[in-house]
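I opened a new page for this protein. My plan is to go from the whole chain down to one residue.

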Amino acid sequence: MLEIRDLTIAYGKHIALDRATLNVAQGTMVAILGANGAGKSSLLGAIGGRVQPTAGEIVYRGQSLLGRPAHLLVEQGIALVPEGRGIFPGLSVLDNLRLGAIAKRAATGANAQMEEVFALFPKLAQRRSQLAGTMSGGEQQMVAIGRALMSKPDLLLLDEPSLGLAPIVVKEVFAALSRIRETGLTILIVEQNARATLELADFAYLMEVGRISGAGPASQIKSDPAVVRAFLGGTLAKTR
């Protein structure tokens, strides 16, 4: 479904991403794990049309995405939930979600899609009239994910969805991601909560200083001693 070939991203002399190559099969959840500054967000930004690559190729369903603006990528079925959420704090929950349905592909069945989002995040249904900026960080993250789902994506890009959230809220967010995954939606997720992510993902890539340093089925990655030491708290016993 998605192929990244030798993708390089530079900000001046700084190489944020160095010849990264990866694939995302349709209907799977793929995780990208790495420390801050590894190039993960730059990679997602390039796929979502927010970052211009220096070299390489991004191919989605056989078509190159290079040079295409973000709004056209949404029409092609790609939705990005950026780090920091990017919601409109001065608008209500309902209006934020409605903005996600502006894409032509989402015009039909928007009301039904809204109900699906409310079923996924009951708190949003209860607070649909509340200004998004007055909500907790976890609730704002739900708004951001819900807004992306309103565009009826085929590929959902998630950039650090649990960042800055309390542990109990992180559980809620990952429970919702589990339900989204069960719908068959293809998901590419950048996340520092490696343990929870690997429990859901089918496949994972490891990134270090701008390069892909490892890859494999999530079930194998989470049992790799080197990965355990680097990402999972240093013990193989804690895998759930």
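I noted where the values come from. The model is predicted: local features need pLDDT of at least 70, side-chain atom pairs count only at pLDDT 80 or more, and totals for chains, interfaces and linings use all residues. Residues are numbered from 1 along each chain as its sequence is written, and side-chain values use heavy atoms, with hydrogens and water left out.

Next I looked up the overall build. I listed 10 helices and 10 strands (DSSP runs, H or I of at least four residues for helices, E of at least two for strands, numbered from the N terminus). The radius of gyration is 17 Å, close to the 18 Å of the globule rule for 240 residues, so the protein is as compact as a globular protein of that length. Both use C-alpha atoms and 2.2 Å times the number of residues to the power 0.38 respectively. The C-alpha atoms fill a box of roughly 45 × 45 × 30 Å along the principal axes.

I checked burial too. Buried residues make up 49% of the 240 (buried is under 20% relative accessible area, with a 1.4 Å probe and protein chains only).

Last, I picked Ser-92. Ser-92 sits in the loop between strand 6 (78–81) and helix 3 (93–100). Ser-92 counts as buried because its relative accessibility is 11%. Leaving out residues up to four places away in sequence, Ser-92 touches Arg-128, Ser-129, Gln-130, Leu-131 and Ala-132 (heavy atoms within 4.5 Å).

Notes:
Buried < 20%, exposed > 50% of the residue type's maximum accessible area, 1.4 Å probe, protein only.
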